[in-house]
Amino acid sequence: MLGAGVILGVFGPGIVPPGATGWMLSGRIGPDPVQYWLGWTFFRDAPWGVPPGISPDFGMELSSSVFYADAIPLLAFLFKALRGVVEIGQYWGMWLLACGALQGWLAWRLIGRWTEAPLPRLAGAMLFVLQPMLLNRLGGHFALGAHFLLLWGLWLVLEGAGRWRWTALVLAASLIHSYLLPMVLGLWAADWWRRRNCTEAAMVPAAGVAGLWAAGFFLLRTGHGGQMYGAMQLDLLAPFDPAYWGRFLPDLPDPAHLEVASSYPGLGALLLLPFLAWLRPGWRHAPLLAVLLAMLAFAITHRPSIGGSQITLLPLPARVVEWMGALRASERFFWPVAYAAMLGGIAGLLRLFGPRWSGLVLAALLTVQAADLRPGVARLAYFFQPMPAQLPLRLSDPFWAEAATRYRAIRAVPAANQGAAWEEIAVFAATNRMATDAIYLARSDWRRVAALRAEMAARLAEGRPEPGVMYVLRDAESLALARAGLRPGRDRIVEANGLYVLAPDW
């Protein structure tokens, strides 16, 4: 309850009602929440397919699935199955609450391995919830806010869990976000090493593959890699750099990439680190320590950064960089290390002072944490200001309402991932249950995009529009092609809300 309360206090109660979509579609938080809503809305309205996560109307030939819309397939499957029972406009408010609640509960369980006293458990658990690493993700990348998966994995490692619980965790991770999946698999490997069971070695990863398949991961054959490995890495000063989050520590030089400020744990959490000196890990923890060190090395990459200055320690082949670039921001692999360090600091504190005094110290550190994070929390509150439950469509010209009754699909020409006016077009299409290739997806196949561009250019130039399809012309070249292929007396080119549209058979 306290974990959920922190989320309500930071983000406000307006995010919770399933019918409240205005806060997601306003654009105030950025384009990602619009993408999530579109992914869910198109998926909800589409018939079930194979794999279950396929969503053909959001992307058309470009192909789409609920996975690449970052729409949390686990919840999308659940609420789509219930669509005849309950209407859900958005489930991300409930998700944010659940992330806070589960983060607090699992931290409570973890600290309970060292003490049953309520004060140190409560204060320590709230340090895990009032946590910039978590709140930063929940402030826009909602699925990546499932940090409770990492705490769950740490708990299973310390408990020495069997294959069934790991199978459930890995399956859940694969149906929430693929960036978290390798972190969870790393924690599983640390626990598996003690047993080295062959059946489990096949069963647990297979659960992850099955989840990815169901969510539609394998619908995209190419486009997963990139050159970001070594460009969005963990700066060695990042855990001590408050950026816009902290009030007390000075802002430090940084690499200025998009993940800056995602590794600062807060001053209260940092003050736990000296107590690691009183932690006494045994040999049974060696696999976990090895996995955490490997994650830390992956986060730092072959191009370490110190205060924004980078050096290349180990040149890697371009193919390896592209393969590792599939995970984009390697800095995120610091999260399991940071949470394990916080837990170890609490364990060392309890060993040094005992439950009573440790509870008072942790309560004081929680107070320091709350005071330190005031700038970051205020920044989140600015982005999550109260909004009307629903917002009017940006495409408000009467032409659009008439067009929605005449056409089954709307194309954006030339095709692109996150091209011009994609939000307006896609939200209009989703609201009117029209298919569209105006997309913003986590990954796209550039070859399919190029092929679709060529096909649409030929159709426009030759006057061969598809039946029941309208075309938004996003550049001067497409407008010229449409005018050249216009069929007099049948087609019309309209300008509405600043967009040029080819309306065939108008």
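Predicted model: local features only at pLDDT ≥ 70, side-chain atom pairs only at ≥ 80, totals over all residues.

Visitor: How much space lies in the second largest cavity?

Guide: The search covers the whole structure and finds 3 cavities of 30 Å³ or more. The largest cavity holds about 70 Å³ of space. For the second largest cavity, the computed space is about 60 Å³.

Visitor: How many charged residues does the lining of the second largest cavity have?

Guide: The residues lining the second largest cavity include L62, Y68, L219, L220 and L441, together with S63, R443 and D445. Arg and Asp count as charged, whereas Leu and Tyr count as nonpolar. Sorted in this way, the lining of the second largest cavity has 5 nonpolar residues, 4 polar ones and, as the number you asked for, 2 charged residues.

Visitor: Which residues lie nearest the centre of the largest cavity?

Guide: By class, the lining of the largest cavity has 5 nonpolar, 4 polar and 4 charged residues. Of the 13 residues that line the largest cavity, those nearest its centre are A238, D241, V260, A261 and E331.

Visitor: Turning to the helices, are α9 and α11 roughly parallel or roughly antiparallel?

Guide: Helix α9, residues 163-174, packs with helix α11, residues 198-215, at an angle of about 25 degrees, and their axes are 7 Å apart. Because angles under 35 degrees count as roughly parallel, α9 is to α11 roughly parallel.

Visitor: What is the handedness of the crossing of α9 and α11, and how many nonpolar residues has their contact?

Guide: The crossing of α9 and α11 is right-handed. Among the residues making the contact are W164, W166 and V170 of α9, and M203, V204 and L212 of α11. By class, this contact of α9 with α11 has 5 polar residues, 2 charged residues and, for the count you wanted, 8 nonpolar residues.

Visitor: What term describes how α3 and α4 lie to each other?

Guide: Helix α3, residues 32-45, and helix α4, residues 73-81, pack with their axes 10 Å apart and at an angle of about 40 degrees. Angles from 65 to 115 degrees count as roughly perpendicular and those under 35 as roughly parallel. The term for α3 and α4 is therefore oblique.

Note on methods
Residues numbered from 1 in each chain as written. Heavy atoms only, no water. 1 Å grid on protein atoms, 1.4 Å probe; cavity = no way out; pocket = protein on both sides within 12 Å on 5 of 7 lines; lining within 4 Å. Points joined across faces, edges and corners; volume = space filled by probe spheres on them. Axes fitted to C-alpha atoms, helices over the stretch in contact; angles between N-to-C directions. Helix = DSSP H or I, 4+ residues; strand = E, 2+ residues; numbered from the N terminus. Parallel < 35°, antiparallel > 145°, perpendicular 65-115°, else oblique. Left-handed = near helix turned anticlockwise from the far one by under 90°. Contact = heavy atoms within 4.5 Å.
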